[in-house]
Amino acid sequence: MIDRRTLLAGLGAGLVATSLSGRAARAQAAPTVIRMGSLKLIHSIAPHFYERFTPEGVRVEVIPFESPTEGKNAVVTKSVDFGTFGLAAATLGAAAGEPIVVIASTCNRGMGVIARKDSDIRTIKDLRGKRVAIWPGSTQEVFALERMRMEGLSVKDITPVRVSFSEMHLALARGDVDAYVGAEPAPGVSLASGVGQLVEYPYGTEMGSLNMVFGAHRDTLAERPDLVRTMLEIHRKATEFAAKDRDAMIAMAVAKLGQKREALALSAPNVELTWKLGPDEVRQARVYAERMLALKQIKRLPEDGFIDTRFVDAMRDA
(Lines give C-alpha, C1' and ligand atoms only; values in the text may rest on other atoms or scores of the structure.)
Protein backbone atom coordinates (compact mmCIF):
# COMPACT_ATOMS: atom_id res chain seq x y z
CA MET A 1 0.00 0.00 0.00
CA ILE A 2 1.43 3.43 -1.04
CA ASP A 3 1.14 6.23 1.52
CA ARG A 4 -0.12 9.67 0.59
CA ARG A 5 3.30 11.37 0.84
CA THR A 6 4.93 8.88 -1.50
CA LEU A 7 2.06 9.17 -3.94
CA LEU A 8 2.25 12.96 -4.04
CA ALA A 9 6.03 12.88 -4.43
CA GLY A 10 5.69 10.53 -7.35
CA LEU A 11 3.05 12.66 -8.99
CA GLY A 12 5.19 15.79 -8.53
CA ALA A 13 8.22 14.13 -10.07
CA GLY A 14 6.10 12.98 -12.94
CA LEU A 15 4.79 16.46 -13.56
CA VAL A 16 8.31 17.92 -13.48
CA ALA A 17 9.54 15.28 -15.88
CA THR A 18 6.60 15.90 -18.18
CA SER A 19 7.25 19.64 -18.08
CA LEU A 20 10.94 19.21 -18.85
CA SER A 21 10.13 16.74 -21.59
CA GLY A 22 7.65 19.19 -23.09
CA ARG A 23 10.21 21.98 -23.06
CA ALA A 24 12.80 19.77 -24.73
CA ALA A 25 10.28 18.74 -27.38
CA ARG A 26 9.39 22.36 -28.06
CA ALA A 27 13.05 23.28 -28.29
CA GLN A 28 13.62 20.49 -30.79
CA ALA A 29 10.56 21.54 -32.78
CA ALA A 30 11.72 25.16 -33.09
CA PRO A 31 14.91 25.28 -35.18
CA THR A 32 16.67 28.47 -36.16
CA VAL A 33 14.98 29.61 -39.36
CA ILE A 34 17.08 31.56 -41.88
CA ARG A 35 15.13 33.44 -44.54
CA MET A 36 17.04 33.35 -47.82
CA GLY A 37 16.00 35.46 -50.82
CA SER A 38 16.74 33.87 -54.20
CA LEU A 39 16.07 34.99 -57.78
CA LYS A 40 14.14 32.76 -60.17
CA LEU A 41 17.23 32.22 -62.32
CA ILE A 42 19.68 29.36 -62.79
CA HIS A 43 22.37 31.74 -61.44
CA SER A 44 20.61 31.53 -58.08
CA ILE A 45 20.06 27.78 -58.01
CA ALA A 46 22.47 27.07 -55.12
CA PRO A 47 19.95 28.00 -52.36
CA HIS A 48 17.73 25.16 -53.51
CA PHE A 49 20.52 22.76 -52.46
CA TYR A 50 20.93 24.30 -49.00
CA GLU A 51 18.71 21.68 -47.38
CA ARG A 52 21.40 19.06 -48.00
CA PHE A 53 23.94 20.97 -45.96
CA THR A 54 22.06 22.63 -43.11
CA PRO A 55 23.31 21.60 -39.65
CA GLU A 56 20.98 20.18 -37.04
CA GLY A 57 18.72 22.80 -35.54
CA VAL A 58 18.80 25.05 -38.60
CA ARG A 59 16.26 25.42 -41.39
CA VAL A 60 16.65 27.65 -44.45
CA GLU A 61 13.47 29.04 -45.98
CA VAL A 62 14.11 29.97 -49.62
CA ILE A 63 11.98 32.91 -50.73
CA PRO A 64 11.86 33.52 -54.53
CA PHE A 65 11.98 36.95 -56.16
CA GLU A 66 11.39 37.99 -59.76
CA SER A 67 13.85 40.88 -59.97
CA PRO A 68 17.25 41.74 -58.44
CA THR A 69 15.86 44.97 -57.01
CA GLU A 70 13.09 43.09 -55.18
CA GLY A 71 15.64 40.72 -53.69
CA LYS A 72 17.95 43.53 -52.60
CA ASN A 73 15.07 45.52 -51.10
CA ALA A 74 14.01 42.48 -49.07
CA VAL A 75 17.45 42.39 -47.45
CA VAL A 76 17.41 46.16 -46.81
CA THR A 77 13.99 45.96 -45.12
CA LYS A 78 14.98 42.77 -43.25
CA SER A 79 12.15 40.82 -44.86
CA VAL A 80 14.85 38.21 -45.46
CA ASP A 81 18.12 37.61 -43.63
CA PHE A 82 20.26 37.12 -46.74
CA GLY A 83 19.75 37.37 -50.48
CA THR A 84 21.26 36.73 -53.89
CA PHE A 85 20.92 39.44 -56.53
CA GLY A 86 22.86 41.20 -59.26
CA LEU A 87 25.89 43.36 -58.55
CA ALA A 88 24.02 46.26 -60.16
CA ALA A 89 21.18 46.14 -57.62
CA ALA A 90 23.64 45.92 -54.75
CA THR A 91 25.73 48.83 -56.06
CA LEU A 92 22.66 50.99 -56.67
CA GLY A 93 21.50 50.39 -53.12
CA ALA A 94 24.86 51.04 -51.49
CA ALA A 95 25.44 54.19 -53.56
CA ALA A 96 22.09 55.48 -52.31
CA GLY A 97 23.17 54.95 -48.71
CA GLU A 98 21.23 51.73 -48.06
CA PRO A 99 22.71 49.36 -45.43
CA ILE A 100 23.45 46.59 -47.93
CA VAL A 101 26.77 44.70 -47.73
CA VAL A 102 28.14 42.17 -50.22
CA ILE A 103 29.74 39.31 -48.27
CA ALA A 104 30.19 36.55 -50.87
CA SER A 105 29.66 35.73 -54.51
CA THR A 106 26.88 33.66 -56.04
CA CYS A 107 27.49 33.39 -59.76
CA ASN A 108 29.76 34.71 -62.48
CA ARG A 109 28.94 34.72 -66.19
CA GLY A 110 25.29 33.84 -66.93
CA MET A 111 24.76 36.64 -69.49
CA GLY A 112 24.36 36.68 -73.25
CA VAL A 113 23.76 39.02 -76.16
CA ILE A 114 21.30 37.21 -78.42
CA ALA A 115 19.97 38.25 -81.85
CA ARG A 116 17.23 36.83 -84.04
CA LYS A 117 18.40 33.83 -86.03
CA ASP A 118 17.39 35.45 -89.34
CA SER A 119 19.01 38.82 -88.61
CA ASP A 120 22.30 40.25 -89.86
CA ILE A 121 23.54 40.91 -86.33
CA ARG A 122 26.80 39.05 -85.85
CA THR A 123 28.81 41.40 -83.63
CA ILE A 124 28.22 44.16 -81.08
CA LYS A 125 28.84 46.74 -83.82
CA ASP A 126 25.89 45.32 -85.75
CA LEU A 127 23.53 46.48 -82.99
CA ARG A 128 23.65 49.99 -84.42
CA GLY A 129 20.13 51.12 -85.32
CA LYS A 130 18.54 47.97 -83.87
CA ARG A 131 15.86 47.45 -81.23
CA VAL A 132 17.65 45.91 -78.27
CA ALA A 133 15.87 44.61 -75.17
CA ILE A 134 17.71 45.71 -72.00
CA TRP A 135 16.57 45.70 -68.39
CA PRO A 136 17.41 49.16 -66.97
CA GLY A 137 19.64 49.17 -63.91
CA SER A 138 20.72 45.57 -64.39
CA THR A 139 24.21 44.09 -64.34
CA GLN A 140 23.67 43.07 -67.96
CA GLU A 141 22.99 46.67 -68.98
CA VAL A 142 26.32 47.88 -67.63
CA PHE A 143 28.23 45.07 -69.36
CA ALA A 144 26.43 45.65 -72.65
CA LEU A 145 26.97 49.41 -72.62
CA GLU A 146 30.65 48.92 -71.79
CA ARG A 147 31.07 46.49 -74.70
CA MET A 148 29.30 48.98 -76.96
CA ARG A 149 31.61 51.77 -75.77
CA MET A 150 34.61 49.59 -76.58
CA GLU A 151 33.23 49.18 -80.13
CA GLY A 152 32.58 52.90 -80.62
CA LEU A 153 28.84 52.80 -79.90
CA SER A 154 26.64 54.34 -77.23
CA VAL A 155 23.07 53.82 -76.12
CA LYS A 156 22.09 56.58 -78.56
CA ASP A 157 23.09 54.28 -81.42
CA ILE A 158 20.42 51.71 -80.57
CA THR A 159 16.76 51.74 -79.65
CA PRO A 160 16.69 50.31 -76.11
CA VAL A 161 13.49 48.49 -75.22
CA ARG A 162 12.57 47.85 -71.59
CA VAL A 163 11.85 44.11 -71.27
CA SER A 164 12.13 41.89 -68.21
CA PHE A 165 14.54 38.96 -68.36
CA SER A 166 11.73 36.40 -68.34
CA GLU A 167 10.08 38.05 -71.37
CA MET A 168 13.16 38.60 -73.54
CA HIS A 169 13.02 35.30 -75.41
CA LEU A 170 9.33 35.76 -76.20
CA ALA A 171 9.91 39.35 -77.33
CA LEU A 172 12.62 38.12 -79.71
CA ALA A 173 10.43 35.28 -81.00
CA ARG A 174 7.54 37.69 -81.70
CA GLY A 175 9.83 40.10 -83.50
CA ASP A 176 9.27 42.88 -80.97
CA VAL A 177 13.04 43.33 -80.72
CA ASP A 178 16.01 42.50 -82.91
CA ALA A 179 18.27 41.43 -80.06
CA TYR A 180 18.44 41.31 -76.30
CA VAL A 181 20.99 41.42 -73.50
CA GLY A 182 19.70 38.63 -71.31
CA ALA A 183 20.28 36.41 -68.32
CA GLU A 184 20.29 32.63 -68.44
CA PRO A 185 18.26 30.58 -69.02
CA ALA A 186 16.77 32.93 -71.68
CA PRO A 187 19.83 32.75 -73.98
CA GLY A 188 19.80 28.96 -73.70
CA VAL A 189 16.08 28.88 -74.53
CA SER A 190 16.57 31.08 -77.61
CA LEU A 191 19.49 28.99 -78.86
CA ALA A 192 17.83 25.62 -78.17
CA SER A 193 14.60 26.65 -79.90
CA GLY A 194 16.38 27.99 -82.98
CA VAL A 195 14.84 31.44 -82.50
CA GLY A 196 18.12 33.14 -81.64
CA GLN A 197 21.80 33.17 -82.40
CA LEU A 198 24.65 34.10 -80.09
CA VAL A 199 26.26 37.48 -80.67
CA GLU A 200 28.62 37.15 -77.72
CA TYR A 201 29.01 36.50 -74.04
CA PRO A 202 30.07 40.01 -72.91
CA TYR A 203 32.95 39.14 -70.62
CA GLY A 204 35.78 40.90 -72.44
CA THR A 205 35.90 43.98 -70.20
CA GLU A 206 37.80 45.03 -67.08
CA MET A 207 34.77 43.88 -65.10
CA GLY A 208 35.46 40.27 -66.05
CA SER A 209 32.40 38.09 -65.63
CA LEU A 210 31.00 39.37 -62.32
CA ASN A 211 27.27 38.92 -62.02
CA MET A 212 25.39 37.84 -58.91
CA VAL A 213 26.41 38.42 -55.32
CA PHE A 214 25.38 37.33 -51.83
CA GLY A 215 24.25 40.19 -49.60
CA ALA A 216 23.20 40.92 -46.04
CA HIS A 217 22.03 43.87 -43.97
CA ARG A 218 24.80 45.75 -42.16
CA ASP A 219 23.04 45.08 -38.84
CA THR A 220 23.13 41.33 -39.42
CA LEU A 221 26.92 41.35 -39.71
CA ALA A 222 27.30 43.37 -36.52
CA GLU A 223 24.65 41.67 -34.40
CA ARG A 224 24.58 38.06 -35.65
CA PRO A 225 28.08 37.10 -36.91
CA ASP A 226 27.59 33.45 -35.91
CA LEU A 227 24.49 33.28 -38.11
CA VAL A 228 26.47 34.78 -40.99
CA ARG A 229 29.20 32.17 -40.60
CA THR A 230 26.64 29.35 -40.47
CA MET A 231 24.82 30.64 -43.55
CA LEU A 232 27.96 31.13 -45.62
CA GLU A 233 29.21 27.65 -44.75
CA ILE A 234 25.92 26.24 -46.04
CA HIS A 235 26.20 28.46 -49.13
CA ARG A 236 29.78 27.30 -49.79
CA LYS A 237 28.93 23.60 -49.56
CA ALA A 238 25.79 23.89 -51.69
CA THR A 239 27.55 26.00 -54.31
CA GLU A 240 30.48 23.63 -54.62
CA PHE A 241 28.14 20.64 -54.86
CA ALA A 242 25.98 22.19 -57.61
CA ALA A 243 29.03 23.48 -59.51
CA LYS A 244 30.56 20.00 -59.63
CA ASP A 245 27.36 18.11 -60.46
CA ARG A 246 25.94 19.79 -63.57
CA ASP A 247 23.26 17.13 -63.99
CA ALA A 248 21.99 17.85 -60.48
CA MET A 249 22.09 21.58 -61.17
CA ILE A 250 20.07 21.16 -64.37
CA ALA A 251 17.57 18.81 -62.71
CA MET A 252 17.01 21.29 -59.90
CA ALA A 253 16.59 24.16 -62.37
CA VAL A 254 14.04 22.13 -64.34
CA ALA A 255 12.10 21.51 -61.13
CA LYS A 256 12.31 25.05 -59.75
CA LEU A 257 12.29 27.19 -62.91
CA GLY A 258 10.02 25.13 -65.13
CA GLN A 259 12.44 25.36 -68.06
CA LYS A 260 13.12 22.62 -70.59
CA ARG A 261 16.14 20.43 -69.98
CA GLU A 262 17.58 20.96 -73.48
CA ALA A 263 17.60 24.72 -73.00
CA LEU A 264 19.21 24.46 -69.58
CA ALA A 265 21.85 22.14 -71.02
CA LEU A 266 22.95 25.08 -73.18
CA SER A 267 22.63 27.57 -70.31
CA ALA A 268 24.58 25.61 -67.70
CA PRO A 269 28.06 25.94 -69.30
CA ASN A 270 27.54 29.72 -69.27
CA VAL A 271 26.86 29.74 -65.51
CA GLU A 272 29.76 29.70 -63.06
CA LEU A 273 28.47 29.10 -59.54
CA THR A 274 30.91 30.44 -56.94
CA TRP A 275 31.06 31.69 -53.37
CA LYS A 276 34.56 33.15 -53.42
CA LEU A 277 35.08 36.88 -53.20
CA GLY A 278 38.75 37.80 -53.42
CA PRO A 279 40.95 40.74 -54.47
CA ASP A 280 40.23 40.26 -58.19
CA GLU A 281 36.47 40.35 -57.66
CA VAL A 282 36.74 43.39 -55.38
CA ARG A 283 38.80 45.22 -58.01
CA GLN A 284 36.34 44.28 -60.77
CA ALA A 285 33.42 45.43 -58.61
CA ARG A 286 35.15 48.78 -58.12
CA VAL A 287 35.58 49.16 -61.89
CA TYR A 288 31.93 48.20 -62.26
CA ALA A 289 30.82 50.93 -59.85
CA GLU A 290 32.97 53.45 -61.70
CA ARG A 291 31.25 52.51 -64.96
CA MET A 292 27.85 52.99 -63.32
CA LEU A 293 28.96 56.41 -62.11
CA ALA A 294 30.15 57.35 -65.60
CA LEU A 295 26.78 56.24 -67.00
CA LYS A 296 25.08 58.40 -64.34
CA GLN A 297 23.24 55.37 -62.98
CA ILE A 298 24.55 56.33 -59.53
CA LYS A 299 25.43 59.74 -58.12
CA ARG A 300 28.36 58.59 -56.04
CA LEU A 301 30.45 55.51 -55.43
CA PRO A 302 29.51 53.15 -52.58
CA GLU A 303 31.31 53.83 -49.30
CA ASP A 304 34.16 51.67 -48.02
CA GLY A 305 32.80 48.52 -46.42
CA PHE A 306 30.22 47.91 -49.14
CA ILE A 307 32.10 44.70 -49.90
CA ASP A 308 33.16 42.80 -46.78
CA THR A 309 35.31 39.72 -47.41
CA ARG A 310 36.03 38.86 -43.74
CA PHE A 311 33.80 35.83 -43.65
CA VAL A 312 34.81 34.26 -46.97
CA ASP A 313 38.46 34.98 -46.18
CA ALA A 314 38.10 33.01 -42.94
CA MET A 315 36.44 30.10 -44.77
CA ARG A 316 39.11 30.06 -47.45
CA ASP A 317 41.94 30.06 -44.87
CA ALA A 318 40.34 27.42 -42.62
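How do the residues of the lining of the largest cavity divide into nonpolar, polar and charged? They come out as 7 nonpolar, 1 polar and 1 charged. Here Ala, Val, Leu, Ile, Met, Phe, Trp, Tyr, Cys and Pro count as nonpolar, Asp, Glu, Lys and Arg as charged, and the others, Gly among them, as polar.

## Ground rules

This is a predicted model, where local features need pLDDT of at least 70, side-chain atom pairs count only at pLDDT 80 or more, and totals for chains, interfaces and linings use all residues. Residues are numbered from 1 along each chain as its sequence is written, and side-chain values use heavy atoms, with hydrogens and water left out.

## Enclosed spaces

Back to that cavity. On a 1 Å grid over the protein atoms alone, a cavity is a set of points where a 1.4 Å probe fits but cannot get out, and a lining residue has an atom within 4 Å of a point. A volume is the space filled by probe spheres set on the points, which are joined across faces, edges and corners. The count is 2 cavities of 30 Å³ or more.

The largest cavity has a volume of about 50 Å³. Its lining includes Leu87, Val102, Leu277 and Glu281. Strand 4 (100-109), strand 10 (210-217) and helix 11 each give two or more residues to this lining; helices (H or I, at least four residues) and strands (E, at least two) are DSSP runs, numbered from the N terminus.

The second largest cavity holds about 30 Å³. Val113, Ile124, Leu127, Val132, Ile134, Ala144, Met148 and Val181 line it, with strand 6 (131-134) and helix 4 giving two or more residues each. By class, that makes 8 nonpolar, no polar and no charged residues.

## The largest pocket

A pocket is an open set of grid points with protein on both sides within 12 Å along at least five of seven lines. The largest pocket has about 450 Å³ of space. It is lined by 20 residues, and Lys40, Leu41, Glu66, Phe165 and Ser166 are the closest to its centre. Helix 5 (168-174), helix 6 (186-193) and helix 9 (246-257) each contribute two or more lining residues. The lining splits into 11 nonpolar, 5 polar and 4 charged residues.

## Charged pairs

Side chains of opposite charge can pair when their charged atoms come close. With a salt bridge taken as a side-chain nitrogen of Lys or Arg within 4 Å of a carboxyl oxygen of Asp or Glu, the count comes to 21. One of them joins Arg291 and Glu146, at 3.1 Å from N to O. Arg291 sits in helix 11 (residues 279-294) and Glu146 in helix 4 (residues 139-150), so this pair ties together parts that are 145 residues apart in sequence. Both residues are buried, meaning under 20% relative accessible area, while exposed means over 50% and partly exposed is in between (1.4 Å probe, protein chains only). Glu146 and Arg291 also belong to a salt-bridge network with Arg149 and Glu206.

Arg147 has two partners to look at. With Glu200, the closest N and O atoms are 2.6 Å apart. Because Arg147 lies in helix 4 and Glu200 in strand 9 (residues 196-200), the pair links parts 53 residues apart in sequence. With Glu151, the closest N and O atoms are 3.2 Å apart. Arg147 is buried at 10% relative accessible area, whereas Glu151 is partly exposed at 28%.
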